[in-house]
Amino acid sequence: MTVPFLDLLAGYEELRPEIDDAIARTLESGIYIGGPEVEAFETEFAAYTQAEHCVAVGNGLDALTLALRASGVGDGDEVIVPAHTFIATWLSVSSLRAIVVPVEPCPETMNIDPDRVETAITEKTKAIVPVHLYGQPASIESIREVAGRYGVCVLEDAAQAHGAVSDGVRIGSQGHAVAWSFYPGKNLGAFGDGGAITTNDRRLADNVRKLRNYGSQRKYEHELSGVNSRLDPIQAAVLRVKLRFLDEWNERRAKVADSYLKGLVDLPLTLPVVRSGCEPVWHLFAVRHSGRDGFVDRLRQEGVQTLVHYPTPCHKQTAFSGRCWPRLPVTEKMCRSLVSLPIGPHMSDEQVVAVVNAVRKVA
């Protein structure tokens, strides 16, 4: 049996009638920028995340960048970010000429270590950007407590955490702002790029609405030096359909993860650790193996497709080669050993068993 890493087509096939109707409705409306579909999605996603405001934008990177910019982050400000994350977190900071301050992750959860966050704060610190990596909520309550004592804002990167819960509260409404991505492979994915910011801060939401639309709230009146970053109505219509099924699809992912956690316990692998009080949404199921490359090759021979997130840490990317970075041994060790097993809401029981058997055979 061949097991793909993620079957995106299966998601469309399951919801084909609803999605086709939503797209046709949008095309027949004659409104292709903004309009009722985008507004309805913003209202529905705000309600889902228990936030007062949702502002849809063109992609997840823009969501991060515009949230930072609307919060006043700019040239020379320091922004604390995870050392271990997708590079978009870092790029959002550097694009504003702010200073990236990386903080190592907890070895167990792989999310930013809250104990290290406080030691990284200086008088120049403007914001902290915790990432809910792989769908596992970061220690956001501890980070908010530290940020509150120093008067620093918290902007969460929830690109991989649609529906995740931390201490009984769904991710999306507790930070100063929360940035989302709707890249097709996400738990809530569009049929192209898309993003959003949720917040309880009306002023921030209004600023982002201007920034995403050329700095304008009224046509030909430009209050800010903005950009063009707007979620298009077709993607909004698709997301509205998928949002109704998000919790069910997350439950399916959780069942796959539970099978892995039970079936792979006695192997030379480091399995994901779920922090107490959290309900992850299992965007990825990332394990660690000391002989990662050979492990990946052997699984491929068994018909199991895997992916590596992320093989080169941000501080070693050419894009960030112009600065002398601190030693980040925890991050570098993770990047040498992490591999993501197949997981998704459309995996069959037979595919899950096949992955468990293959891993047990080659690990």
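Let me begin with a definition: a residue is called buried when its relative accessible area is under 20%, exposed when over 50%, and partly exposed in between, using a 1.4 Å probe and protein chains only.

First, the ground rules. What we have here is a predicted model, in which local features need pLDDT of at least 70 and side-chain atom pairs count only at pLDDT 80 or more, while totals for chains, interfaces and linings use all residues. Residues are numbered from 1 along each chain as its sequence is written, and side-chain values use heavy atoms, with hydrogens and water left out.

Now the overall fold. The protein has 13 helices and 14 strands, where helices (H or I, at least four residues) and strands (E, at least two) are DSSP runs numbered from the N terminus. The radius of gyration is 20 Å, close to the 21 Å that the globule rule gives for 363 residues, so the protein is as compact as a globular protein of that length; the radius is taken over C-alpha atoms, and the rule is 2.2 Å times the number of residues to the power 0.38. The C-alpha trace spans about 65 × 55 × 40 Å along its principal axes, and buried residues make up 57% of the 363. If we take contacts (heavy atoms within 4.5 Å) with a separation of 6 or more, residues 24 or more positions apart account for 70% of them.

Next, the pockets. The search runs on a 1 Å grid over the protein atoms alone, and a pocket is an open set of points where a 1.4 Å probe fits, with protein on both sides within 12 Å along at least five of seven lines; lining residues have an atom within 4 Å of a point. Grid points are joined across faces, edges and corners, and a volume is the space filled by probe spheres set on the points.

The largest pocket has a volume of about 690 Å³. Of the 32 residues that line this pocket, Phe-86, Gln-160, Tyr-183, Lys-186 and His-283 are the closest to its centre, and the elements that give two or more residues to the lining are helix H4 (60–70), helix H5 (88–94) and strand S8 (177–181). The lining divides into 18 nonpolar, 10 polar and four charged residues, where Ala, Val, Leu, Ile, Met, Phe, Trp, Tyr, Cys and Pro count as nonpolar, Asp, Glu, Lys and Arg as charged, and the others, Gly among them, as polar.

The second largest pocket has a volume of about 280 Å³ and is lined by 14 residues, of which Gly-34, Gly-35, Val-38, Glu-39 and Arg-212 lie nearest its centre. Helix H3 (36–48), helix H8 (202–212) and strand S10 (216–218) each give two or more residues to this lining, and H3 gives the most, with three. By class, the lining of the second largest pocket holds four nonpolar, five polar and five charged residues.

Staying with H4 for a moment, this helix is mostly covered, as eight of its 11 residues are buried, among them Gly-60, Leu-64 and Ala-70. At the start of H4, a side-chain oxygen of Asn-59 reaches to within 3.1 Å of the backbone nitrogen of Leu-61, and just after the helix Gly-72 takes a positive phi of about 90°.

That brings me to the backbone. Most residues other than glycine have a negative phi, and most peptide bonds are trans. Tyr-134, in the loop between strand S4 (125–128) and helix H7 (140–150), has a positive phi near 65° and is buried at 2% relative accessible area. Asp-167, in the loop between strand S6 (165–166) and strand S7 (169–170), also has a positive phi, of about 50°, but counts as partly exposed at 43% relative accessibility. The peptide bond from His-309 to Tyr-310 is cis, with omega near 5°, and Tyr-310 sits in the loop between helix H11 (292–301) and helix H12 (329–337).

Finally, back to Gln-351, which is found in helix H13 (residues 349–362). The side chain of Gln-351 reaches the backbone nitrogen of Ser-348 at 3.0 Å, and, not counting residues up to four places away in sequence, Gln-351 touches Met-1, Thr-2, Val-3, Pro-4 and His-346.

Conventions
A polar contact is a pair of N or O atoms within 3.5 Å; within protein, one must be able to donate a hydrogen and the other to accept it, and residues adjacent in sequence count only if both atoms are side-chain atoms.
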